[in-house]
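Dear colleague,

I am handing over the structure below, and after it I set out what I found when going through it. Please read the notes alongside the coordinates.

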Amino acid sequence: MGSSPPSPQHPARLWAAVFPTLCSLGKTDSSAALPQRSDLSSQEELDLGAPERSDSSTAPRPEHRFRLWAAALPALWGEEEYSCEHGSAKYLALCGLGGVVSCGLTHTAVVPLDLVKCRMQAEPSRYRSMLQGFALTVEEEGIRGLAKGWAPTCVGYSLQGLCKFGLYEVFKLRYADMLGPERAYLWRTSLYLAASASAEFFADIALSPMEAAKVRIQTQPGYANALRVAVPKMYREEGLWAFYKGVGPLWMRQIPYTMMKFACFERTLEALYAYVVPKPRSECSKPEQLGVTFVAGYIAGIFCAIVSHPADSVVSVLNKEKGSSTMEVLKKLGFIGVWKGLFPRILMIGTLTALQWFIYDSVKVYFRLPRPPPPEMPASLKEGFFFK
């Protein structure tokens, strides 16, 4: 009985038993480094692997010290404790915060690349390539010119990230509940597509005003150099419509982009753990899991850039030219024109998407949020009950 392992349902008792040992390491008196038998009940001693108590009060023998440590380690470094339940209000709020941090930081960091990309789309005759566009911008406006539009980018994409990641978790849980566990697993790709499209619909409404101001600042020389100047000026000239006339093309660009971003990421992550990573996710350390997240995010980002680029070209020209419509811009650009600036966009979006998923997952780790592993087939499907 003394050699039986401790039951796992007593972590508090294990802490109480090992704490004196932790505090008194290095002392010469070995008896001071052990929990006193008189402080524990007989059952607790048996749970900790101690031999049955006899009538004589003797100190634990040295071979039982290892049992105390072995009993305490699972409580110290074993099963992870989460700060909240998966799907709770706190969980969803912190997921939204993760979206704010990931999207706001990453989009602001690539403002110089985004500025040159927008100018290549709006003025292809002047900005012929990425390197030439950088050189021309620095020549005409100095290094500070590359940071034009950072404020609306930071504000707009922080709001977008809040809705995109936060509402994605909401819709994914809601749609999964509607489908049930079996259909949610079988139709999981469609589930990811539907949840991400629903979230992005609202995210673009939050993004549209700041995106319109950003494009004006970046593509119209002399219009405004700061957000506080651009917003009142746009409102005086065109009213509220100035901030939302690009929401249609934004939906055209962002909804396919986000559907690809989330569905491709989820399935790529699943494939990496199934076929590439040499051990199960549960055996991977946190840094290893975040590394897999980064790789899956970059692969998803490449496809995102290709799918959403034509609509992105339309948005850049539409927000620059007053009174223009989506169809007019499409006719003006033509098939080749809508693909201008694709290479810098792939560089930007690939890196951006990978960093966003990495930061978002890191926020979850920091706040100790539940991070469910890739979905597994429900037992009812494995046994064939669902089809009977």
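I begin with a pocket: by class, the lining of the second largest pocket is made up of 10 nonpolar, three polar and six charged residues. Please keep in mind throughout that this is a predicted model. The space in this second largest pocket comes to about 420 Å³, and of the 19 residues that line the pocket, Pro-280, Arg-281, Ser-282, Pro-373 and Pro-374 lie nearest its centre. Two elements, helix 12 and helix 13, each give two or more residues to this lining, and the largest share, three residues, comes from helix 12.

The largest pocket has a volume of about 800 Å³. Its lining consists of 33 residues, and those that lie nearest the centre are Lys-172, Glu-266, Pro-372, Pro-373 and Pro-375. Two or more lining residues are given by each of helix 7 (150-179), helix 8 (181-186), helix 9 (188-219), helix 12 (247-276), helix 13 (286-320) and helix 15 (342-366), with helix 7 providing the largest share, six residues. In terms of class, 19 of the lining residues of the largest pocket are nonpolar, four are polar and 10 are charged. Pro-373 is named among the residues nearest the centre of the largest pocket, and Pro-373 is also named among those nearest the centre of the second largest pocket.

As to the chain as a whole, there are 16 helices and zero strands, and 48% of the 388 residues count as buried. Among the contacts between residues at least 6 apart in sequence, 75% join residues that are at least 24 apart.

On confidence, the mean pLDDT of the chain is 80, and 77% of its residues reach 70 or more. Two stretches call for care. Over residues 44-48 the pLDDT stays under 50, and for these residues the model has 19 contacts beyond four places in sequence. Over residues 65-79 the pLDDT is likewise below 50, and this stretch has 25 contacts in the model beyond near neighbours in sequence. Where pLDDT is low, the predicted coordinates should not be read in detail.

Leaving aside neighbours within four places in sequence, Asp-204 is in contact with Gln-160, Val-247, Leu-250, Trp-251, Gln-254 and Ile-255. With one of these, Leu-250, the C-alpha to C-alpha distance from Asp-204 is 6.6 Å, although the two residues are 46 residues apart in sequence.

Leu-207 also counts as buried, because its relative accessibility is 0%. Beyond its neighbours within four places in sequence, Leu-207 is in contact with Gly-156, Tyr-157, Gln-160, Leu-250 and Arg-253. The C-alpha atoms of Leu-207 and Pro-152 are separated by 9.3 Å, the two residues being 55 residues apart along the chain.

Tyr-244 has its place in helix 11 (residues 241-244). At a relative accessible area of 30%, Tyr-244 is partly exposed, because this value lies between the 20% and 50% cut-offs. Apart from neighbours within four places in sequence, Tyr-244 is in contact with Ile-205, Ser-208 and Pro-209. From Tyr-244 to Leu-207 the distance is 9.5 Å, C-alpha to C-alpha, across 37 residues in sequence.

Finally, helix 15 has 25 residues and reaches 35 Å from its first C-alpha to its last, which is close to the 36 Å expected at 1.5 Å a residue. Most residues other than glycine have a negative phi. Arg-368 lies in the loop between helix 15 and helix 16 (379-382), and counts as partly exposed at 40% relative accessibility.

With best regards

Technical notes. Residues numbered from 1 in each chain as written. Predicted model: local features only at pLDDT ≥ 70, side-chain atom pairs only at ≥ 80, totals over all residues. Heavy atoms only, no water. pLDDT = per-residue confidence, 0-100. Contact = heavy atoms within 4.5 Å. 1 Å grid on protein atoms, 1.4 Å probe; cavity = no way out; pocket = protein on both sides within 12 Å on 5 of 7 lines; lining within 4 Å. Points joined across faces, edges and corners; volume = space filled by probe spheres on them. Helix = DSSP H or I, 4+ residues; strand = E, 2+ residues; numbered from the N terminus. Nonpolar A, V, L, I, M, F, W, Y, C, P; charged D, E, K, R; others polar. Expected span 1.5 Å × (residues − 1). Buried < 20%, exposed > 50% of the residue type's maximum accessible area, 1.4 Å probe, protein only.
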